[in-house]
Amino acid sequence: MDTSTIVILDFGSQYTQLIARRIREFNVFSVVLPCTAKLEEIQALKPLGVILSGGPCSVYDADAPAADPKMLELGVPVLGICYGLQFMVHNLGGKVTPGEKHEYGHAEVSVTAKTELFAGLPETLQVWMSHGDKAAQLPPGFVLTAETGNAVAGIANEARRMWAVQFHPEVVHSKQGTALLKNFVLGICKAKADWTPEHFIQTTVEKIRAQVGDGHAICGLSGGVDSSVAAVLVAKAIGDRLTCIFVNNGVLRKDEFTQV
């Protein structure tokens, strides 16, 4: 069963998992990979789009995340968020510099150019910022799409299917952030909103049956959410050919091992 997939590359932002959650709230499957993931690993997921998360580093630092710039050439739409915008600028021929004024917290953004990403959004956005660097020079082919009084807040190269924003649309403080992400995922990437918990169970059970075949499986079961869900899904797939082995990991609550 085909599933629309959006890949999120994690540059270390505290909000990365929130991006994934927002996309799943659209009933679209998302998966978070480290920004150092190999191109083959990303391509194997057949993503309809890629999102570059924020992160605490500066792109020009010697210890900046060692992400492969070729991820920008996968041929699918790309959305950069915060550090993701700076990564795109830095690696596509633009320039990122320390900002004269850091922006943390609420900010007002003026949309200066209508793009697919801002479709249906007002010309003034209330957003959440968290950055100290700024895009001082845009890469060739990119245009300014939004700004604050202090910095670039949005850029795009629609011919190359690339967009980026300096703010965090995934947090609730960005009032139109959900609509912006929906424009990217459902509008630009054309993802199908058909991924539900029932769909996940069905596809996972099918994959387990195909992987195990006529064999048997064992599951280390501690009683935590991860191992318990895994055990239920495998049992649903292969029945009594699953054997669960209780693992007391030493950090269970009092008498919890008897319940498990």
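Rings of Phe, Tyr and Trp (its six-membered ring) pair if their centres lie within 6.5 Å; planes under 30 degrees apart count as stacked, over 60 as edge-to-face and the rest as tilted. This is a predicted model, in which local features need pLDDT of at least 70 and side-chain atom pairs count only at pLDDT 80 or more, while totals for chains, interfaces and linings use all residues. Residues are numbered from 1 along each chain as its sequence is written, and side-chain values use heavy atoms, with hydrogens and water left out.

**Aromatic rings**

Select Phe11, Tyr83 and Phe87: ring pairs link these residues into a cluster. The structure holds four aromatic pairs. In one of them, the ring centres of Phe11 and Phe87 are 5.2 Å apart and the planes lie at 45 degrees, so this pair is tilted. Phe11 sits in the loop between E1 and H1 and Phe87 in helix H3, so far as numbering goes 76 residues apart. Helices (H or I, at least four residues) and strands (E, at least two) are DSSP runs, numbered from the N terminus. Phe11 is buried at 4% relative accessibility, and Phe87 is buried with a relative accessible area of 4%. Buried means under 20% relative accessible area, exposed over 50%, and partly exposed in between (1.4 Å probe, protein chains only).

Next select Trp195 and Phe200. Their ring centres are 6.1 Å apart with planes at 70 degrees, so the pair is edge-to-face. Trp195 is buried, at 15%, whereas Phe200 is partly exposed, at 34%.

**The sheet**

Show the strands. Nine of them form an open sheet with mixed pairing, in the order E2-E1-E3-E4-E9-E8-E7-E5-E6. Two strands pair if DSSP finds at least two bridges between them. At the edges are E2 (29-34) and E6 (124-137), each pairing on one side only. Direction ignored, neighbouring strands are turned by 20 degrees against each other on average. Strands of a sheet pair through backbone hydrogen bonds, either parallel or antiparallel.

Colour E5 (residues 95-111) and E6: the two run antiparallel and are joined by 12 bridges. Within this pairing, Gly105 has Met129 in E6 as its bridge partner.

**Helices across the sheet**

Then select helix H3 (residues 83-91), which lies across E3, E4, E5, E6, E8 (152-157) and E9 (162-165) and runs at about 115 degrees to E4.

**Two lysines in loops**

Most residues other than glycine have a negative phi. Lys46 has a positive phi, near 50 degrees; look for Lys46 in the loop between helix H2 (39-44) and E3. Lys46 is exposed, at 68% relative accessibility. Lys190 also has a positive phi, near 60 degrees, and lies in the loop between H4 (177-188) and H5 (197-212). Lys190 is exposed at 62%.

**Cysteines**

How many disulfides are there? A search of the whole structure finds zero (a disulfide is a pair of cysteine sulfur atoms within 2.5 Å). For Cys82, the nearest cysteine sulfur is that of Cys57, 12 Å away. Cys82 is buried, at 3%. For Cys244, the nearest is that of Cys219, 4.7 Å away, and Cys244 is partly exposed, at 38%.

Definitions and conventions
Axes are lines fitted to C-alpha atoms, for helices over the stretch in contact, and angles run from 0 to 180 degrees between N-to-C directions. Contact means heavy atoms within 4.5 Å.
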